[in-house]
Amino acid sequence: MNKSKEIIIFDTTLRDGEQAPGCSMTLGEKLKIAHALKDLNVNVIEAGFAAASPGDFESVKAIASEIEGPTICCLARCNEGDIEKAQQALEVSPNGRIHVFVATSEIHLKHKLNMAKDEVIKAAYNGVKMAKEYCENVEFSPEDASRTDHDFLTEVVNAAIEAGATTINIPDTVGYTIPYEFGELFKHLITNCNNAEDVIFSVHCHDDLGLSVANSLAALESGAQQVECTINGIGERAGNTSLEEVCMAIRTRKEYFDFYTSIDSTKLYPTSRLVSTITGMHVPRNKAIVGDNAFSHEAGIHQHGMLRHASTYEIMKPQDVGIGRSNLVLGKHSGRHAFLDRVKELGYELSNEDLDPAFGEFKKLADRKKDIFDSDIEAIVLSADGGTLSTWELIDLETSSGSSWGACAELKLKHFDGSTHEVSTAEQPSSGPIESVFNAIEEITGYNLELTNFEIHSVSVGEDAQGEVTVTVSYEGQDFRGHGISTDIIESGALAYLEVINRIERNRNRH
Ligand code: KIV
Ligand code: ZN
C-alpha cells in the first residue's frame with residue numbers, strides 16, 4: 001500500500017517574490033510566469049496583494065481570469081477594504097483563495113500594530129469570517145509566528161480555525177528559526193489546536209540564516225502538508241524557500257520523506273531561467289538545482305568517476321530538472337521549423353505573437369555568429385516580448401574609445417510615439433564607452449539614474465559569444481534591474497540600461 005501523501009506546492013513568486021528589491025514585474029511578465037507555473041504543475045499560485053496598488057489588483061484579476069487549473073490566491077490584511085479588493089480581483093476565478101494575515105509576535109504587536117493580544121485574536125477571527133463570506137477557501141497566516149509565544153499562537157490559530165480557515169500557514173517571517181525547533185512548533189500546534197485535523201497546515205520560510213529549505217522540510221516532516229516557496233528562492237531580503245530545492249529534495253530523497261509533489265521537475269530549469277530573465281535577478285552559478293555549475297564536474301577525480309558511472313558523483317540527472325542540452329548547433333541555414341523544434345526541446349513555449357520577433361532575432365544573430373547554441377536560443381526566447389510595449393527602443397549606436405582620451409558615443413533612440421532622438425557625446429568624452437552610452441541615454445530620456453551594479457557574463461562559448469549585461473539602478477529610492485544581450489557587449493549595456501528605463505516608465509504608468 002502506498003502511504004505517501006501529496007504536499008501542496010504554493011508558489012508565491014508573484015507576491016512575496018515580487019517584494020524583493022528590484023523585482024517588480026509588469027502585468028505581461030506576471031502572466032508569462034503564471035503560465036509557466038501552471039505548466040510546472042504548482043497547486044496554488046499566490047498572484048499578488050490586490051489592495052497594495054491598482055496595478056497589483058489588475059495583475060491578480062488577469063491571472064485569475066486567464067489561468068485555469070491551479071488555485072489562484074490573493075493576500076489581504078484582516079480588514080474589510082483589503083478583503084473586498086481580494087474578492088473583487090478573484091471573483092472571475094472558479095478556484096480562488098483569500099489569504100488573510102495579522103502579526104502575532106510581541107515585537108510586532110508592540111512596535112508595528114500597537115494592538116493588545118485579545119485585539120489580535122479578534123482581528124484574526126473577524127478577518128477569516130469576512131473572507132469566508134466571499135470564498136470557501138480561506139488561508140490564515142499569523143505573521144512572525146516563529147517568534148510568537150506558543151500558547152498565544154495556539155489561541156490565534158484556534159480563532160482562525162473556528163472562523164472557518166481551511167489552511168493555517170505558519171510563517172518564519174524573519175528567517176529566525178532552526179529546523180528542529182520549527183518541527184517541534186508544528187507538532188505543538190497540530191497536537192494542541194482545536195480541530196487541527198480539519199485544516200491543512202502550511203509552512204512559509206525566509207532564508208535570512210540560509211535555513212529556509214531545511215526549516216520547510218522539518219515542518220513537512222512534522223505534519224505540514226503545504227509548502228510556500230518561490231522560483232529561484234526570490235523574495236524579501238535573503239529570499240524565500242526555493243521551490244526547485246524543496247521539490248527536488250522531496251523527489252531525490254523519496255525513500256526518506258514519505259511524500260511527493262505534483263511538480264513536473266523537467267520544467268524547473270526553464271521556469272528558473274524565465275524568472276531570472278524577467279526579474280533581472282541572476283541565479284548564482286553554484287545555486288543548487290538550477291545554477292550553471294549545479295551539474296558540472298571540475299576535479300579530475302570526479303570527472304573520472306563520472307565517466308565510469310554518473311551515479312558516483314551525481315544524485316540527480318540534469319535532464320530530471322530540464323537541463324537537456326544537445327550538442328547540435330543551429331546556424332544561418334536553419335529554418336523556422338528547426339528553430340521551433342529546438343525551442344520546444346529546451347522546454348519553452350512561444351506564443352504566436354512572440355514567434356515572429358523571436359525567429360527574426362534568431363536570423364539576425366545567425367548573421368553575426370556562426371554557431372547558435374542552446375543557450376543563445378534560450379536567451380532569444382526569454383527576451384521575446386512581442387506583447388510588451390516599450391517606451392524607448394535602440395535604433396543605432398556607435399562608440400569610439402582610446403586609452404589616452406577616453407570614449408564617446410553616438411546614439412539614436414525611438415520613442416513609442418514614433419519620434420526619433422539622436423545625441424552625440426563627442427564634446428564630453430568620458431572614461432569608457434559604457435559610461436558614454438549611459439550618459440547619452442540619460443540625455444535623451446531625461447532620467448538621472450544611480451547605477452548600483454553592473455554585471456556581464458557570456459551566454460555561450462567562443463569568441464563571438466553573446467554577452468549578457470545586467471544593470472541595477474536606484475531611482476527615487478527604488479531598485480530597478482534590466483538586462484540586455486548582444487554579441488557586442490557595449491550594445492548589451494545599452495539595451496540593459498534602456499530596459500531599466502522602460503521598466504521605470506511601466507511602473508509609473510502602473511501606479
Ligand atoms: O513572511 C510572511 O510572514 C508573509 C506572510 C504574509 C505570509 O509573507
Ligand atoms: Zn513571506
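Helix H9, which runs over residues 212-221 of this predicted model, is largely enclosed by the rest of the structure, because eight of its ten residues are buried. The buried residues are Ser212, Val213, Asn215, Ser216, Leu217, Ala218, Ala219 and Leu220. Just after H9 comes glycine 223, whose phi is positive, at about 120 degrees.

Buried in H6 are Val120, Ala123, Ala124, Gly127, Val128 and Ala131. When H6 is viewed down its axis, these buried residues fall within an arc of 120 degrees, so they line one face of the helix. The face of H6 turned away from the buried side carries the exposed residues Asp118, Lys122 and Glu133.

Which residues are found around ligand 1? They are Arg15, Asp16, His99, Phe101, Ser141, Glu143, Asn169, Pro171, Thr173, His204 and His206. Sorted by class, this shell has two nonpolar, six polar and three charged residues.

|---|---|
| histidine 204 | 3.1 Å |

Taken alone, ligand 1 exposes 260 Å², and the protein buries 95% of that area. Several elements give two or more residues to the shell: helix H1 (13-17), strand S5 (96-103), strand S6 (138-143) and strand S7 (167-172).

**Single residues in loops and a helix**

Two residues other than glycine have a positive phi. For arginine 237, phi is near 50 degrees. Arginine 237 belongs to the loop between strand S9 (226-229) and helix H10 (243-252). With a relative accessibility of 46%, arginine 237 counts as partly exposed. For isoleucine 289, phi is near 70 degrees. Isoleucine 289 is located in the loop between helix H11 (268-279) and helix H12 (300-308). Its relative accessibility is 7%, and isoleucine 289 therefore counts as buried, the cut-off being under 20%.

Is serine 436 buried or exposed? Serine 436 is buried, with a relative accessible area of 0%. This residue is part of helix H16, which comprises residues 433-445. The side chain of serine 436 reaches the backbone oxygen of alanine 407 at a distance of 3.0 Å.

Glycine 462 is located in the loop that lies between strand S14 (450-458) and strand S15 (467-475). At 52% relative accessibility, glycine 462 counts as exposed, because the cut-off for that class is over 50%. Glycine 462 is 41 residues from histidine 421 in sequence, and their C-alpha atoms are 35 Å apart in space.

Notes
Residues numbered from 1 in each chain as written. Chains lettered and ligands numbered in written order. Predicted model: local features only at pLDDT ≥ 70, side-chain atom pairs only at ≥ 80, totals over all residues. Heavy atoms only, no water. Near = heavy atom within 4 Å. Polar contact = N/O pair within 3.5 Å; in protein donor to acceptor, adjacent residues only side chain to side chain. Areas by Shrake-Rupley, 256 points an atom, 1.4 Å probe, with all protein chains shown as cover. Helix = DSSP H or I, 4+ residues; strand = E, 2+ residues; numbered from the N terminus. Nonpolar A, V, L, I, M, F, W, Y, C, P; charged D, E, K, R; others polar. Buried < 20%, exposed > 50% of the residue type's maximum accessible area, 1.4 Å probe, protein only. Arc of directions from axis to C-beta.
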